[in-house]
Amino acid sequence: GNSAGGGTRLLLDYPEQARSDILDLLFKPQFGASLHHLKVEIGSDGDTTEGAEPTHSRNSSDLAFDRGYEVWLLQEAARRRPDIQLSGLLFGVPGWVHNSPGEMWGANSVKYLVEWVTGLQSQKGLNVTALGVAYNERSYSAAFIKTVRKALDSAGFASVKTIAPDSWGKMWAIVDEMHKDPELCSAIDIIGTHDPGAVNGHPENDPPP
């Protein structure tokens, strides 16, 4: 994964040949790391850990994919490995989304996510293969997950897999809910976590909720 506004920004400042060599080592098949999956932060214009990554949508009618460096990295990876799996995860949302009904779990957040997938394909020729349908290291909303899945399907992206909850500890809580809710279960393709916590048999190590 690539996130938190860290290393990627520095890569842009490398001399062109050195930068290209590093990208080759990362993504070129049968060469170096030969990475097959690149997961990036979906920028929000807010400081989410180590810097602020630009958003693709600064208001409800704005859509631009030439800001920042994450899309550039996605393009460079796909150019070197056309079959690479591309995915994204929200760390935050811009003010127009957060201040709307439902805030981070509302209809505008669904629109924001789906337009990221749609715009990358239509404007940059990049095919997202998986999408986080929660927020980095936070709780999740079952209703939000279901709504995003339906919105992706309606937009022609039934093939895009969903990842949830991208949590920090307590990773199995969502599995219990999936057992009780068939619609939620069918809306999630991949269980994602940033800290396995109780998976190692020590629930006391789980971070606080």
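Me: Where is Asp-166 placed?

Reply: Asp-166 lies in strand 4; helices (H or I, at least four residues) and strands (E, at least two) are DSSP runs, numbered from the N terminus. The model is predicted, so local features need pLDDT of at least 70 and side-chain atom pairs count only at pLDDT 80 or more, while totals for chains, interfaces and linings use all residues. Residues are numbered from 1 along each chain as its sequence is written, and side-chain values use heavy atoms, with hydrogens and water left out.

Me: What is the phi of Asp-166?

Reply: Asp-166 is not a glycine, yet its phi is positive, at about 55°. Most residues other than glycine have a negative phi, and most peptide bonds are trans.

Me: Is Asp-166 buried or exposed?

Reply: Asp-166 counts as buried because its relative accessibility is 1%; buried means under 20% relative accessible area, exposed over 50%, and partly exposed in between (1.4 Å probe, protein chains only).

Me: Which residues does the cis peptide bond join?

Reply: That bond joins Ala-164 and Pro-165, with omega about 5°. Pro-165 is in strand 4, residues 161-168.

Me: And where is Gln-30?

Reply: Gln-30 sits in the loop between helix 2 (16-27) and strand 1 (37-42). Gln-30 has a positive phi of about 55°, and counts as exposed because its relative accessibility is 78%.

Me: Changing topic, how many residues of helix 3 are buried?

Reply: In helix 3 (residues 70-80), 9 of the 11 residues are buried, including Trp-72 and Arg-80.

Me: What covers them?

Reply: The cover includes helix 1 (7-11), helix 2, strand 1, strand 2 (85-90) and helix 5 (107-124), where contact means heavy atoms within 4.5 Å.
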